[in-house]
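Hi,

Here is the structure I promised to pass on. Have a look at it first, and then read my notes below.

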Amino acid sequence: MSSNADPAVAFEQVCKRFGSRRVLDNQTFAVKRGERFVIIGPSGTGKSVSLKLASGQLSPSSGTIRLLGQDLSTLSAGELSALRRRVGYLFQSGALLGWKTLAENVALPLRSHGCLPEDEIAERVQAALAEVGLADAGELYPAEVSGGMVKRAAFARAIIEEPEVLFFDEPTSGLDPVMSRTIDALITQVNQTHGAACIVVTHDLGGALRYAERIGFLKDGRFLTVATPAEILHSPIPEVQAFLAAQALER
């Protein structure tokens with residue numbers, strides 16, 4: 001039985017291997033309820049795999065993962081499906097269906113459960129689109145809008161069921177700096193308005209420093225540090241210093 005005292009996500013000695021390759025190496029950490037937690041680090045170091053493990057899309061090779069207090073390895077398919085309704089996920093590509101309008105894409109999670117009347121679905125979809133600045137774009141198709149609008153529509157879909165945890169996989173990938181900052185601001189806004197824990201994988205350290213409460217620096221399957229943005233900026237760890245320097249961020 002889970003409670004609000006449980007972390008949003010907890011890893012306990014988690015390893016993940018693909019064949020002989022170890023992607024995540026015996027990691028233990030927790031993300032608090034309502035926290036904005038960002039995972040950064042070089043490419044190919046296990047960031048997206050960590051996100052998929054935390055959200056139940058992948059299973060660990062060893063160790064325990066708890067999502068909202070529930071051990072993912074003990075859940076039946078029905079229990080896991082019910083738990084996923086308490087979670088939102090923003091994919092790197094946005095993952096909208098091209099043959100559906102933005103509004104129809106946002107409505108998909110609500111319609112998939114078939115328990116709400118259409119007028120309530122329409123009202124909730126419109127509210128979610130308005131929250132991400134797309135109040136007048138619901139009848140457009142993904143091919144008719146910019147990449148930033150696609151990403152915001154996917155954001156609206158991720159929050160449509162008022163999730164307790166939101167996962168973001170490279171939410172600003174492929175966006176210009178102005179739209180990237182818009183997405184960064186939306187993460188903070190949704191976190192503060194809805195209280196959902198936000199767990200973000202990104203290469204954009206500048207954005208992470210603006211909205212994160214804690215940042216985990218992952219390298220070669222291990223967290224070298226989990227720290228506040230200020231502590232990251234002044235970290236003595238050489239790998240963190242090199243990452244800062246590569247993004248022209250000075251200590």
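Start with helix α1 (residues 47-54), which lies across β1 (9-18), β2 and β4 and runs at about 120 degrees to β1. Helices (H or I, at least four residues) and strands (E, at least two) are DSSP runs, numbered from the N terminus. Axes are lines fitted to C-alpha atoms, for helices over the stretch in contact, with angles from 0 to 180 degrees between N-to-C directions.

Before you go further: this is a predicted model, where local features need pLDDT of at least 70, side-chain atom pairs count only at pLDDT 80 or more, and totals for chains, interfaces and linings use all residues. Residues are numbered from 1 along each chain as its sequence is written, and side-chain values use heavy atoms, with hydrogens and water left out.

Now the sheet. Four strands form an open sheet in the order β2-β1-β4-β5, with antiparallel pairing (two strands pair if DSSP finds at least two bridges between them). β2 (21-31) and β5 (70-71) are at the edges with a single partner strand each, so one side of each has no neighbour in the sheet. Between β4 (residues 62-67) and β5 there are two bridges, in the antiparallel sense, and arginine 66 stands opposite aspartate 71 in β5.

On to a helix pair. The axes of α5 (residues 147-159) and α6 (residues 177-194) come within 10 Å and cross at roughly 10 degrees. That makes α5 roughly parallel to α6 (angles under 35 degrees count as roughly parallel, over 145 as roughly antiparallel, 65 to 115 as roughly perpendicular and the rest as oblique). Residues in the contact (heavy atoms within 4.5 Å) include Phe155 and Ile159 of α5 and Leu186 and Val190 of α6.

Last, the rings. There are six aromatic pairs, counting rings of Phe, Tyr and Trp (its six-membered ring) with centres within 6.5 Å; planes under 30 degrees apart are stacked, over 60 edge-to-face and the rest tilted. Phenylalanine 29 and phenylalanine 37 have ring centres 5.7 Å apart and planes at 10 degrees, so this pair is stacked. Phenylalanine 37 is buried at 1% relative accessibility (buried is under 20% relative accessible area, exposed over 50%, partly exposed in between, with a 1.4 Å probe and protein chains only). Phenylalanine 29 is buried too, at 11%. Ring pairs also link Phe11, Phe29, Phe37 and Phe223 into a cluster.

Cheers
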